[in-house]
Amino acid sequence: MGSYIPNSKAEQERMLDFLGLASLDDLYDEIPDKVKLKDGLNIPEGKSELEVRRRMETLAGKNTVFHTIFRGAGAYRHYIPAIVKAVASKEKFITAYTPYQPEISQGVLQSIFEFQTMICELTGMDVANASVYDGATACAEAISMCVDRKRDVVYVSATVHPDYLRTVKTYCYAAGRKLVVVPEKDGVTDIAFLKENLDEKSAAFLMQQPNFYGIIEDAETYFGVAREAGAKSIMCINPFYGAIGRTPRECGADIAVGEGQPLGISLGFGGPYLGFMACVQEMTRKLPGRIVGQTTDLEGKRAFVLTLQAREQHIRREKASSNICSNQGLCALTAACYMSTMGPSGIKEVANQCLSKAHYAAKLISSVPGYELVFDAEFFHEFVTKCPVSVNKLMAKLERQGILGGYPLGGPYEGCILWCFTEMNTKEEIDQLVAILKEGIQE
Amino acid sequence: MKVDKDIKYSKTHEWVKFLDDTTALIGLTDYAQEQLGDLVFINMPAEGDEVSCDTPFGDIESVKAVSDINSPVDGIVAEVNEEIAENPENINSDPYGSWIIKVSNITEICDLMDADSYERFCQEEA
């Protein structure tokens with residue numbers, strides 16, 4: 001490798017000549033001799049392309065690749081149309097870093113603008129930003145949007161993804177905010193606790209839809225309680241659920257956030273993922289990170305700009321309520337490609353397939369003795385069952401057949417399994433799973 | 001640069017117009033609006049908020065930057081000018097006619113300048 005460095009000996013000579021230098025080392029004249037490396041770098045010789053490929057393929061071969069996956073818990077396997085990867089891997093997109101002179105990169109800005117527009121359509125919100133790192137960051141940033149001098153206590157439901165909750169805790173700890181975890185009751189947010197505790201010090205209430213256990217919560221009622229107390233409502237939503245369920249806007253949320261990975265981004269061992277954020281018009285100026293706006297140029301043609309830059313943290317650092325100044329560019333572009341490839345009807349169809357496959361699976365799995373549903377509640381594409389045998393042994397057995405089983409829960413639901421079904425799972429796969437569950441395991 | 005002879009000025013370019021001993025209107029000076037450029041958004045305090053000397057009570061956004069608006073007095077916000085919240089550009093066209101907040105129960109007044117000293121102050125700063 002290394003034969004692709006695009007400046008030849010002759011070109012180097014020419015450049016040195018132009019600069020009036022005798023050798024490349026002369027470029028480093030200003031650096032004191034004693035800090036210069038004398039013996040070169042202690043790294044092995046370069047390898048040929050064939051050798052590199054062999055090495056990488058050996059490493060990749062160590063991965064366990066499951067042909068069947070029944071696990072979600074925050075990362076969801078969906079079909080990614082070939083065109084999505086083809087477009088997103090075009091070198092002008094894949095090699096570009098966030099544009100420092102953004103308006104010169106109209107193509108990148110347009111892709112972000114389209115992404116924002118589609119996120120607004122999915123969530124029913126007025127304004128979306130160019131994205132943040134992931135769903136967890138989006139939750140934490142949304143909370144930062146709501147806190148002010150008078151209202152600095154934030155409420156997060158215990159049914160939010162535990163990783164998101166941890167990220168929110170870290171943010172709150174660092175910002176000196178009080179965080180109250182609203183307890184869970186029968187798999188959903190304890191509404192009585194909300195009613196009793198929200199007051200004039202409450203800044204925001206954050207819930208997840210569907211929640212970590214896959215359950216569709218009564219967001220509207222919670223948000224009504226929050227509104228009465230003058231607190232902002234934040235919904236962390238699965239984008240596919242947004243396509244068929246009530247949108248965050250319809251439920252009365254002020255801010256909608258979520259993990260954008262399901263929208264065409266590979267599971268990829270947990271990253272890079274994509275946090276999306278959208279809000280109602282009145283909160284636009286609190287929205288962190290980049291926001292692309294549409295305008296017209298001097299000739300009256302459609303053009304894109306970064307807007308509300310005056311509030312970005314690199315300009316108003318000491319007053320910034322967020323330190324996000326960039327965005328998850330390539331992932332946002334990928335999601336934009338995915339959404340435009342699928343279209344509203346395609347996204348709805350995926351959502352409906354997830355919904356019906358999960359319900360088919362729930363019916364069958366829960367009919368196997370010992371695998372009863374833990375919650376009697378509406379769910380989207382995930383649900384929790386009991387497990388009559390050792391969860392670890394069951395997972396090992398499934399693994400031997402190339403199947404990644406559901407997510408083994410901990411805490412109050414130790415010994416239970418969170419299953420997930422998407423359009424990727426066929427009826428045959430589900431039936432096979434049920435047959436394996438029926439077989440039981442040798443304890 | 002315009003100044004109004006009947007009002008007082010702060011070093012951070014706010015003006016104060018006393019209605020009586022403990023009540024005053026607060027706005028941004030002509031110099032401030034000129035430096036900031038076209039104003040597009042103003043972040044207001046709420047009625048009943050306490051304000052205190054040299055402490056920001058809100059901020060104002062122009063096409064160029066976001067800047068704090070400091071209070072030149074200690075007191076309580078009695079009223080915010082909704083018309084300015086809706087149309088911050090009015091500060092550009094008529095800075096001394098566009099009060100931002102009305103403060104009552106004033107207990108302390110910061111180090112303020114009269115029109116002549118403020119004019120000199122701005123010239124030195126420029």
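Modeller: A residue is buried if 20 or more other C-beta atoms lie within 10 Å of its own. By that count, 40% of the 126 residues of chain B are buried. Keep in mind that this is a predicted model.

Now the strand, β10 of chain A. It covers residues 275–279. Five of its five residues are buried, so the rest of the structure largely encloses β10(A). Both faces are covered. Gly275(A), Met277(A) and Cys279(A) lie on one side, and Phe276(A) and Ala278(A) on the other.

Next, the partners of β10(A). Strand β9 of chain A, residues 255–259, runs antiparallel to β10(A) and is joined to it by five bridges. In this pair, Val257(A) stands opposite Met277(A). Strand β2 of chain A, residues 127–128, is also antiparallel to β10(A), with two bridges. Here Val127(A) stands opposite Cys279(A). Both of the facing residues in β10(A), Met277(A) and Cys279(A), belong to one buried side of the strand.

Now chain B. It holds four helices and nine strands. Their order along the sequence is β-β-β-α-β-β-β-β-β-α-α-β-α. The radius of gyration of chain B is 13 Å, close to the 14 Å that the globule rule gives for 126 residues, so chain B is as compact as a globular protein of that length. Its C-alpha trace spans about 35 × 30 × 20 Å along the principal axes.

Technical notes. Residues numbered from 1 in each chain as written. Chains lettered and ligands numbered in written order. Predicted model: local features only at pLDDT ≥ 70, side-chain atom pairs only at ≥ 80, totals over all residues. Rg over C-alpha atoms; globule rule 2.2 N^0.38 Å. Buried ≥ 20, exposed ≤ 12 C-beta atoms within 10 Å, placed from the backbone. Pairing = 2+ DSSP bridges.
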